[in-house]
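Let's take a walk through a protein model together. Have a look at the sequence and the structure, and then we will go through some of their features one at a time.

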Amino acid sequence: MLISTLLAVTGVGLTFWSYKQLAATAEIREHTSTVLNSANNFLSDLKDAETGQRGYLITGDEDFLQPYLSVRDTFDARMQALRQTVQIEKAKEHLDVIGPLMKAELAELAQVIELRRNHNETAAQKIVSSGQGKQLMDSIRLEIHHFVEIEEAAYAERDAQFQSDMRRLFAILVIASVLVILAAIAFAYLVLLQTRQRLKEQVYLETRHLLETQEALNQALQQTNATLQV
């Protein structure tokens, strides 16, 4: 009985541990997803800002500048939030490179926009044609690509460890279940043996009582016969 109780307690403990592991893995997945989405969205918004700048350069329509203004006004806060979210040092190193590159890209966009506002389309177009903005965007894409690779590799490593832990846990649970079943069978067999022993003792006592009663009856009959013969 004690063994069965201990095994049951162990099973409950392992189940609780499994739940904690699942919760931790879900948290890691959510964290990684948040980091990757933030980085990719940042890059996408910067592309939209670049596209909007070109639209403004061609048309002079201020509405095209909304993506640029959005990125410019939220850049510092978004970069700080992303840096605080990232936990891997190698990924942070890429962020340290991405930040200045993005600032340089925004500075170039601002310069082109200012020239266009001052009706100096020729100078603005010359900056765009220089290819500096394209080089900056290519560098930003490359750094974000490396950043994403590091985050995904770390997640894959954690997920592989989790899968290994789950397989180990499953094996432990199977063994524990088998032991519980065996302990239950052993306990039931012990109860059966004890029941049989009690039945044997009861039958023995009942039989002995019947024999003693029969012997007393025989003696009484013998005395009765002896009396009648006198």
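This is a predicted model: local features need pLDDT of at least 70, side-chain atom pairs count only at pLDDT 80 or more; totals for chains, interfaces and linings use all residues.

Is leucine 179 buried, partly exposed or exposed? Leucine 179 counts as partly exposed, because its relative accessibility is 40%; buried means under 20% relative accessible area, exposed over 50%, and partly exposed in between (1.4 Å probe, protein chains only). You will find leucine 179 in helix H5.

A word on reading the model: residues are numbered from 1 along each chain as its sequence is written.

Now turn to the inside. In soluble globular proteins, nonpolar side chains tend to be buried together. Here, the largest nonpolar core has 32 residues, and Met102, Ile140 and Phe147 have the most contacts inside it. A nonpolar core is a set of buried Ala, Val, Leu, Ile, Met, Phe, Trp, Tyr and Cys residues joined through side-chain atoms within 4.5 Å. At least two residues of this core come from each of helix H1 (2-59), helix H2 (66-85), helix H3 (89-117) and helix H5 (132-229). Helices here are DSSP runs (H or I, at least four residues), numbered from the N terminus. There is also a second, separate core of five residues, including Leu57, Leu115, Ala124 and Ile127.

Which residues does methionine 102 touch, not counting those up to four places away in sequence? They are Phe42, Leu43, Leu46, Phe75, Met79, Ile140 and Ile144, where a contact means heavy atoms within 4.5 Å.

Two of those partners deserve a second look. The structure holds one aromatic pair. The ring centres of phenylalanine 42 and phenylalanine 75 are 5.7 Å apart and the planes lie at 55°, so the pair is tilted. Rings of Phe, Tyr and Trp (its six-membered ring) pair if their centres lie within 6.5 Å; planes under 30 degrees apart count as stacked, over 60 as edge-to-face and the rest as tilted. Because phenylalanine 42 lies in helix H1 and phenylalanine 75 in helix H2, the pair ties together parts that are 33 residues apart in sequence. Phenylalanine 42 counts as buried because its relative accessibility is 2%, and phenylalanine 75 counts as buried at 5%.

Finally, look at glutamate 151 in helix H5. Glutamate 151 is buried, with a relative accessible area of 2%.

Note on methods
Side-chain values use heavy atoms; hydrogens and water are left out.
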